[in-house]
Amino acid sequence: MTTISRRDFVRGAAAVPLSLWLLKYAGAQGTRVRYDARSAKGQEMLKIYAGAVKSMQGLAGTDPSNWTFQWYTHFVKSSTTKSAEITRIFGTGPSAHKDLAVAMWNTCQAHSGQNENLFLPWHRMFVLFFESIVRAVSKRDEFTLPYWNYSASGPTHGVLPGEFLKKDDPVYGPLYIAERNQLANAGKPIDQGQPDDPLGLQSLTQAQYSPSGALQGFCLAIDSGLHGNVHVLTGNRENMGAVPWAARDPIFWLHHCNIDRLWASWNANGGVNPKAPWNDDTFVFADTKGTRVVAKVSDYFDIAKLGYSYDRLEPKPGKTVAAGEVATRKPQRAARVSAESGVALGAKPVRVQLDTAGATESAQPLPQRLQAAPKEQRVFLVLSKLQAQVQPEVLYHVYLELPEGAAPEKNADYHVGTLTFFDALKLDHGDGGHAGHGSGEDKFYSFDVTDLVRRLGANKTLSENPSVTIAPVGEPASAAKPVVGTIELQVQ
Ligand SMILES: [Cu+2]
């Protein structure tokens, strides 16, 4: 006679609601605090973390607590496919854990063409369940995942916590990965030699969550800005620098813990998560016992309900560029690059000119038009449809009206922003992937160039056909062949 125990029942197809899971596995301690990796508490946590990483790497591949199982939940490495890896690891027969892998792997949002709004909530879920697994594997119930605050000012700015740099160390060795960029593993600031501040907190100035016209909104601004910059500056294209490899590096989790902290900061500073159809999208995650937890996106909007907090949130930036009323207006295209094939980038700076073909009807020449725009209107340089064959492994910097022949790195006055090609590769998330609402086509970069345009206008150096220069810092991978599909000046 066979009996089905309660444990088997939980392990089977039946899903546990998040609220119940939280009561049982997370709620016992009350609110747990996540710490800066460089604080005394954070250092204690890193020691626990290093031991757990080693243990997770040694678990059977079929175990949801296995390191690769967690990595693949983000995305399966690009040298193989999800279905090939599932067959290799689980065989051809059915099993509950195989079902979990089918439901969970390759579900990273939104780096293979899904709804961009899901970037923050999906990674919050991913980090929360990962943290619960580390807690279980280490048998240290007080464990919380520390965060890497690369934006901090002072000597730790952009520097990996030292525990991640100790190759062959008996305690911290598991946190070391060779495939990082040279600066990262040398303990130097990963943004050394970059103009402006690719690790800055500009995204916190966004007034709303989702894009509106030329405004990126907080979610897209932090994803394509700070988040992507840290990926590309930390690792190469078989590590942090590319979506299918990123979650293999133990630093990945501290990076996303920090992104989660910045989302919590944005909320604490008054940012409101939207009510949208995608609030009801559901995702499957599993804990160390293989308990299948299915929950809605909006179930993850409030960290207090999830039982954790941070030792420090970031204050509201003084200057809010994306003022509320700008969002209510429709953007007007003032100029664009008319090449249908887009702009191909390379190892040298590329300079292109914008023209007013296809611009919203206006009798005025461009410089006068931008000058005459009402004071409350903002001017944006909008770049979209980025593509690359492989990850270029460098950041590209964008300049407006950089004088011809001038060295980009010496002319910060004309610098308007940074591009990454972190998620510009076409990825197939395969069966069981989550299509959700929307597509990667919605992604764009947008830089507020109002102040620069007014300054150029005042100096009479804003031309009828303004130039845009895009220059890499460092040597891009020659196979990358990055292309920016469209470049436009928009007034909103
Ligand atoms: Cu990421």
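What covers the buried residues of α6? This predicted model is shown below in a few close-ups.

**View 1. The buried side of helix α6.** Helix α6 spans residues 96-104, and its buried residues are His97, Leu100, Ala101 and Met104. Those four sit on the same side of α6 because they cover an arc of only 100° around the axis. As for what lies over them, the cover includes α4 (67-74), α5 (82-90), β3 (282-286) and β4 (292-296).

View 2. Asn106 follows α6 and has a positive phi, near 65°. Look also for Ala110, in the loop between α6 and α7: a cis peptide bond with omega of about 0° joins Gln109 to Ala110. For context, most peptide bonds are trans.

**View 3. Helix α7 meets helix α11.** The axes of α7 (residues 119-138) and α11 (residues 251-268) come within 10 Å and cross at roughly 125°, so α7 is oblique to α11. The crossing is left-handed. On the α7 side you'll find Leu120, His123, Arg124, Val127 and Phe130, which meet Trp253, His256, Cys257, Ile259, Asp260 and Trp263 of α11. Sorted by class, this contact has seven nonpolar, two polar and two charged residues.

**View 4. Two loop residues with positive phi.** Most residues other than glycine have a negative phi. Asp168, though, has a positive one, near 65°, and lies in the loop between α7 and α8 (182-185). Glu393 has a positive phi near 70°, in the loop between β9 (379-387) and β10 (396-400). Are they buried or exposed? Asp168 is exposed, with 7 other C-beta atoms within 10 Å, whereas Glu393 counts as buried, with 21 C-beta neighbours inside 10 Å.

Technical notes. Residues are numbered from 1 along each chain as its sequence is written. This is a predicted model: local features need pLDDT of at least 70, side-chain atom pairs count only at pLDDT 80 or more; totals for chains, interfaces and linings use all residues. A residue is buried if 20 or more other C-beta atoms lie within 10 Å of its own, exposed if 12 or fewer, and partly exposed in between; C-beta atoms are placed from the backbone. The arc is that of the directions from the helix axis to the C-beta atoms. Two residues are in contact if their C-beta atoms, placed from the backbone, lie within 7 Å. Axes are lines fitted to C-alpha atoms, for helices over the stretch in contact, and angles run from 0 to 180 degrees between N-to-C directions. Angles under 35 degrees count as roughly parallel, over 145 as roughly antiparallel, 65 to 115 as roughly perpendicular and the rest as oblique. A crossing is left-handed if the near helix is turned anticlockwise from the far one by less than a right angle, and right-handed if clockwise. Ala, Val, Leu, Ile, Met, Phe, Trp, Tyr, Cys and Pro count as nonpolar, Asp, Glu, Lys and Arg as charged, and the others, Gly among them, as polar.
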